Amino acid sequence: MILIAESGSTKCDWVLIEKLNKKVTRFRTKGLNPAILKEKKLHKIIGNEVVLAKSKEKIKEIYFFGAGCNTESNNQVLKNVFSSLFNANKVLVAEDMMAAVYATTTKPAVVCILGTGSNCCFFDGNKIMQKTPALGYILMDEGSGNYFGKELLKAYYYKKLPEKLSLSLEGKYNLSEERVIKKIYQSKTPNKYLANFAPFLFENQEDIFIQKIIEKGIKEFVENHILHYKNELEENSIHFVGSIAFFSKKYIIKELSKHNIIAGSFIRRPIDNLISHFLRLK
């Protein structure tokens, strides 16, 4: 059996593929970001998954693509977990950018992720190249769920959010200062917490104030990341992966048009395309 996983900081999509009959089993767990979660916690989440427990002796190949898997030390943490739980002959751990590439193209292209976090790269047909580093939710992540969550909360606490939206936000979330401070500064996954507020923006995007927040985030992502690949985009396409990218599609297309860039595909969940990718290889 082949085990494939595509993980962000919020959630992880898993697929088990039986080689002989190509039967596919899908399931989901919490996100598994080794840059945020310790090895013990990662081991617990994977080890407690019933579907994996039932198939652990049959799994011979593991392909894990995830946020936070951009350093050898982080990757080794996950490799240690998989080695302790399974008797697989092959274990590949790679960054989520590689999954985004496999999910969108086999040809050279610029590929972007806009989910809980954000990232961008150029795929030359063989390997990926990044002109700006991925330094996470505090320094970067423009246009991500984490970014939009911060912008929404700042607008609310600075009393800039329109009253109707403030009341709606209060009715949907616990906004006591004590809770928010605890979740941001004492939680192990503050980026995930902040990203939980992003859906509110897209549920209320008919409001001009909300539109400006989304437009600002997309503009910053384009200027700080995509435009570094202006030369590559003269001859190659650009693709987007992630839930924020999917729901921001019209804003992204509009912003790119200002730079004479035409957007390619928008994939909300790359796991479906990863299945096709790996089945083609077998």
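Tyr193 and Phe197 are both buried, a term that denotes under 20% relative accessible area, with exposed meaning over 50% and partly exposed in between (1.4 Å probe, protein chains only). The model is predicted: local features require pLDDT of at least 70 and side-chain atom pairs count only at pLDDT 80 or more, while totals for chains, interfaces and linings use all residues. Residues are numbered from 1 along each chain as its sequence is written, and side-chain values use heavy atoms, with hydrogens and water left out.

A pair of aromatic rings is described by the distance of the centres and the angle of the planes. Rings of Phe, Tyr and Trp (its six-membered ring) pair if their centres lie within 6.5 Å; planes under 30 degrees apart are stacked, those over 60 edge-to-face, and the rest tilted. The structure contains 14 aromatic pairs. In one of them, the ring centres of Trp14 and Phe27 are 5.9 Å apart and the planes stand at 5°, so this pair is stacked. Because Trp14 belongs to strand β2 (residues 11-17) and Phe27 to strand β3 (residues 24-30), the pair ties together parts that are 13 residues apart in sequence. Strands (E, at least two residues) and helices (H or I, at least four) are DSSP runs, numbered from the N terminus. Trp14 is buried at a relative accessible area of 1%, and Phe27 is buried at 11%. For Tyr193 and Phe197, the centres lie 5.3 Å apart with planes at 85°, so that pair is edge-to-face.

Ring pairs also join Trp14, Phe27, Phe64, Phe82 and Phe86 into a cluster.
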